[in-house]
Amino acid sequence: MRKRLILFILTIAIILIEINVLNYHTYDDSANISNTIESTNDTNKELFEEYYDQAEELMSTMTLEEKVGQMFIARYPNNNVINQIEEENPGGYILFQKDFENKTKESMLEELTECQNASKIPLLLGVDEEGGTVVRVSSITAFRTTKFKSPQKLYQEGGYEAIIEDSKEKSELLLNIGININFAPVADVSTSSSNFIYDRSFGKDASETSTYVSTVVETMNTSNIISCLKHFLGYGNNGDTHTNIVVDERDYETFETSDFLPFIAGIQSNAPTIMVSHNVVTSMDDDYPASLSKNVHDILREELGFSGVIITDDLDMEAVSDYVKDGSAAVLAVQAGNDMIISSNFVKEKQEVIVAVNDGTIFTEIIDIAVRRILAMKYAYAIIS
């Protein structure tokens, strides 16, 4: 019953989004990466399936250590990044504002190019450049004279055309300094300024947020940069998981009729990645945060039909550490169904996953499925050529 309801809502959402999109899309999508990736409407084919043969050929040359390394997006280290790349083989890095300070576009590109040259397999290099309150790059005037505006401000000033132009400019700037994944758009539904996530959200209902998400994903695909829908399952009116355990007691129907819809819209627009939050959503799993919940990942895969790369929010947050008293959060994240882990303790957590594979706690098939998706995505976006 639940799956039939999801499919019905999904169908209605697609119709509404397509009507809205026809009203305002003016950009040329002839080069859109969506044209080279099968639509998720085709349930018999996964998002990056046409690149699986290439991915598997590359995997045949990789050690277990190299495969597990691919599953981590590490926090960019303060020093010795080249040594870490050569010794630990990360799948990628996430950079923060401090990593851009006292640098220029030219020096940043040179630095990140050196990182790519040092890596056996090209890296995902990402930032959170959402606009508004979260602007890792444009907060530095050497990269942009003003910060990118929030989605709400852009829409107030110029509607969806402003959203499209902003997404294009962001993508161009990031690609020109060596960044190939922007952890955006925020797909959380929030309409109250008192909510923690409100300032980062589109600030409108599920239908409008769905249209916004679809617009950004399609524009970023046109620019050939990886987008990331966040924060699944949807923050709603809940607090900040960076500093607190967040328990969401809303019923499942609320997610079906509201919070899921922008994620469905993004999936239908061929969003390559989705980030899962650390909220404990009791209607789906009252034992673990969403990021560590197999049931939540099953819903994302089986009921919403997402076949791209699932990424955890950073595991180094209070909402995770307070739930993981014994064992490894990274091991639980892999068992839950995440393909990639954002980690501030990359070397330690990578080794914990390797040990879990070697002692049978994690099946090697799980690693291979995740790494195949990751590598196939890198091929799809020409990160691996």
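Two strands are said to pair if DSSP finds at least two bridges between them; strands (E, at least two residues) and helices (H or I, at least four) are DSSP runs numbered from the N terminus. The model shown is predicted: local features need pLDDT of at least 70, side-chain atom pairs count only at pLDDT 80 or more, and totals for chains, interfaces and linings use all residues. Residues are numbered from 1 along each chain as its sequence is written, and side-chain values use heavy atoms, with hydrogens and water left out.

**View 1. Strands β1 and β2 and the crossover between them.** Strand β1 (residues 72–75) and strand β2 (residues 92–94) pair in the parallel sense over three bridges. Within this pairing, A74 stands opposite Y93 of β2. From β1 the chain passes through helix α4 (residues 81–88) to β2, a right-handed β-α-β crossover. Right-handed means that, with the strands pointing away from the viewer, the path from the first strand over the helix to the second runs clockwise.

**View 2. The open sheet of five strands.** The strands are ordered β6-β3-β2-β1-β12, and their pairing is parallel. At the edges stand β6 (181–182) and β12, each with a single partner strand, so one side of each has no neighbour in the sheet. Three bridges join β1 to β12 (residues 341–343), where I341 is the bridge partner of F72. Strand β2 also pairs with β3 (residues 124–127) over three bridges, and Y93 has L125 as its bridge partner in β3.

**View 3. The largest nonpolar core.** A nonpolar core is a set of buried Ala, Val, Leu, Ile, Met, Phe, Trp, Tyr and Cys residues joined through side-chain atoms within 4.5 Å; buried means under 20% relative accessible area, exposed over 50%, and partly exposed in between (1.4 Å probe, protein chains only). The largest such core has 112 residues, and F100, F260 and V353 have the most contacts inside it. Helix α13 (residues 364–380) supplies the largest share of this core, nine residues. Leaving aside neighbours within four places in sequence, V353 is in contact (heavy atoms within 4.5 Å) with V68, F72, A330, V331, V334, I362 and I367.

View 4. D248 is found in strand β8 and is buried, with a relative accessible area of 1%. Beyond its neighbours within four places in sequence, the contacts of D248 include G234, Y235, F255 and V280. I245 is found in the loop between β7 (228–232) and β8 (247–248) and counts as partly exposed, at 37% relative accessibility. The C-alpha atoms of I245 and P289 are separated by 8.7 Å, the two residues being 44 residues apart along the chain.
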